[in-house]
Amino acid sequence: MKLQMLFLVGGLTGTALGSACARKEVVTEDAGKASVSASTASASNPQAPVLLDSTAEKMLVFQRAIGGWPKAVGTAKVDYKHPLSAADRARTLADKNRNDATIDNNATSREIIYLAQAYQKTNNPAYRQGAENGLRFLLKMQYPNGGFPQYYPDFSNYRHQITYNDNAMVRCLEVLRAVAQQKAPYNGLDASLVAPAKDAVERGVDCILKTQYVRQGQPTAWCAQYDEKTLQPAKARAFELASLSGDESVEIVRFLMGVEKPSPAVRKAIDSAMAWFQKVKLTGYTMKEIAAPGEKTGRDRVIVPEAGATIWARFYELDTDRPIYVGRDSQVHYQLSEIENERRAGYLYAGTWPAKLLEKEYPAWQKRVGTGEKP
């Protein structure tokens, strides 16, 4: 199995590990658990033995030729905790030219992060190359206007849209910003990636500023998807209409708060979004999950009054800030109870996403930028 794993890595990455190097297999599901002695393995010591991390090995097997990763193969979710048989490995490697690479559901960003960490822990050049190829994929998929599609190069359906949904674009920008700042675990990667990563982040920030929804001259928050050409709010799945997001807007603000020297435009974007969060909060309500034996799902979610509680809707009408609830029929409803149970139980239509931002992070950011402290 050990020789087979080494062969797979060499075949996938094109990296010759060399028979002169001592090798040791580290079987772990966490790069942080790969224990390496400084005297026997170091990223700065090319003569150190090359170690193997079992999760990183699987990631290399699933990495597509274009550099990114799928979130699922067919209907099967990619799960690195699941063991791969020899047949599974061979079948997956044979799929390397599929165009299903995506940034949805943490795909690609999680693998880049893990492989960069694994490289620092193991000194395995295959992991470095895998992370670098993943970063080049992100740089390649980014639109000139700074936005990121959900998939690349598959632009079918809504996959070509600029995608903030599930924080897809923001995660990519956070990784690229760490690369541009040469922070660990990316400080040992190809130095030629630093400049394009910095440019990508700058264009990403510009795209974020341009896509903040402005109503009657007042910036509000962000939508989950945008047309990549017009930068106008767009519909994705049937139950994801063009609407302001009480969820994704939170991570966008957090990302902007990480801008080292925020421009007046960045500051205005943050302040405006925070004012919008205050405006649209649903005070005195909470969402609860309850048993529903009569439903196929066996459960339900309900929004009910509760003193002292505050929630936000996932979706708000663009021009009214009214919370909306949309099922698979794409019809707007103003009560969660009016859409089908399958969606109520299977999709989170309300939550407390902005709470920590309002209570702690925004005041801390205001103090930091007011005093000139580094973020």
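Where is S330 placed? S330 lies in the loop between strand 13 (325–326) and strand 14 (332–333). Helices (H or I, at least four residues) and strands (E, at least two) are DSSP runs, numbered from the N terminus. The model is predicted: local features need pLDDT of at least 70, side-chain atom pairs count only at pLDDT 80 or more, and totals for chains, interfaces and linings use all residues. Residues are numbered from 1 along each chain as its sequence is written, and side-chain values use heavy atoms, with hydrogens and water left out.

Phi of S330 is near 65°, a positive value in a residue other than glycine. Q216 is also not glycine, and its phi is positive, near 50°. Q216 sits in the loop between strand 6 (214–215) and strand 7 (218–219). At 83% relative accessibility, Q216 counts as exposed (buried is under 20% relative accessible area, exposed over 50%, partly exposed in between, with a 1.4 Å probe and protein chains only).

Two cis peptide bonds involve proline. The bond from Y152 to P153 is cis, with omega near 10°. P153 is found in the loop between helix 5 and strand 5 (162–163). The bond from A184 to P185 is cis, with omega near 10°. P185 belongs to the loop between helix 6 and helix 7.

Helix 5 (residues 125–141) packs on helix 6 (residues 168–180) at an angle of about 120°, with axes 11 Å apart. Axes are lines fitted to C-alpha atoms, for helices over the stretch in contact, and angles run from 0 to 180 degrees between N-to-C directions. On the helix 5 side, L135, L138 and L139 meet C172, V175, L176 and V179 of helix 6 (contact means heavy atoms within 4.5 Å). By class, this contact has 7 nonpolar, no polar and no charged residues. Ala, Val, Leu, Ile, Met, Phe, Trp, Tyr, Cys and Pro count as nonpolar, Asp, Glu, Lys and Arg as charged, and the others, Gly among them, as polar.

The axes of helix 7 (residues 194–211) and helix 8 (residues 248–257) come within 11 Å and cross at roughly 130°. V201, V205 and I208 in helix 7 meet I252, F255 and L256 in helix 8. The residues of this contact divide into 6 nonpolar, no polar and no charged.

An open sheet holds 3 strands in the order 10-11-15, with antiparallel pairing (two strands pair if DSSP finds at least two bridges between them). Strand 10 (282–291) and strand 15 (350–351) stand at the edges, each with a single partner strand, so one side of each lacks a neighbour in the sheet. Strand 11 (residues 299–313) is joined to strand 15 by 2 bridges. A313 stands opposite A350 in strand 15.
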